[in-house]
Amino acid sequence: MFTGLIREMAKVDSFYNETLTIKSTYRPKIGDSIAINGACLTVVSISDSLFSVELSPESQNLLAIENYKDEVHIEPAMMMGDRFEGHIVQGHVDCVGEITSIIDNGNSTDFFVKIPKEYIKFVIPKGSITIDGVSLTINDVNKEKNYFRLTIIPHTISNTLFKTYTTSSRVNVETDMFARYVFNMFNNKKDELSWDDIDSIMSKY
């Protein structure tokens, strides 16, 4: 389990076949779980300032694999007793989203992200979402056109991959775990839930 707070912008040393090798100041142990651009992966080898993880063909097909170069976000799995910030992140990427528009507002920047239709039902206004492993708050959702809006402050842009994103960039998206659970709990009910209903239910947890 993770929080969506990036520990380090690490360097990609190499990515060959299924093995991704990362250079970082963080030193994991073999077998540790670590989120790289939001995907939970297992450390299979370590040496000096490097560690390696394996990405199966299925993972490579699911993820925005073109972002696994130069710099990547890394976050080690939470340990019992760690301070909890961000939101509960599983490291299970649901889908790849596409940045369709970027609007500079001066003291913040709006990023509009489009995702496959089947996942937009889990995206809730003022709820949480993870983009390439970064925990963020959703401002608006357009259910008809399958996109949502994020407002990113300069500090986050400067210290994450958001500084490299452009229109048409693809990103790993993990929707909020509670949104998925609540949706499935009530999916068989005859009465449809509104966004406000779901937001009210989630606020109780």
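The model is a predicted one: local features need pLDDT of at least 70, side-chain atom pairs count only at pLDDT 80 or more, and totals for chains, interfaces and linings use all residues. Residues are numbered from 1 along each chain as its sequence is written, and side-chain values use heavy atoms, with hydrogens and water left out.

The chain contains 4 helices and 12 strands. These are DSSP runs, numbered from the N terminus: helices are H or I of at least four residues, strands are E of at least two. Of the 205 residues in the chain, 45% are buried. The accessible surface of the chain is about 11100 Å². Carbon and sulfur atoms account for 49% of that surface. Areas come from the Shrake-Rupley method with a 1.4 Å probe; for residues, only the protein chains shown count as cover. A contact is defined by heavy atoms within 4.5 Å. Among contacts between residues at least 6 apart in sequence, 67% join residues at least 24 apart.

A pair of aromatic rings is described by the distance of the centres and the angle of the planes. Rings of Phe, Tyr and Trp (its six-membered ring) pair if their centres lie within 6.5 Å; planes under 30 degrees apart are stacked, over 60 edge-to-face, and the rest tilted. By this rule the count is 3 aromatic pairs. Phe112 and Tyr147 form an edge-to-face pair, at 5.9 Å centre to centre and 65° between the planes. Phe112 lies in strand 8 (residues 109-114) and Tyr147 in strand 11 (residues 147-152), so this pair ties together parts 35 residues apart in sequence. Phe112 counts as buried, at 17% relative accessibility. Tyr147 is partly exposed, with a relative accessible area of 26%. The ring centres of Phe162 and Tyr165 are 4.9 Å apart and their planes are at 70°, so this pair is also edge-to-face. Ring pairs join Phe111, Phe162 and Tyr165 into a cluster.

Ile6 sits in the segment before strand 1 (8-16). Its relative accessible area is 24%, so Ile6 is partly exposed. Leaving aside residues up to four places away in sequence, Ile6 touches His73, Ile74, Gly133 and Val134. Ile6 and Asn37 are 31 residues apart in sequence, and their C-alpha atoms are 9.1 Å apart in space.

How values were computed:
Buried < 20%, exposed > 50% of the residue type's maximum accessible area, 1.4 Å probe, protein only.
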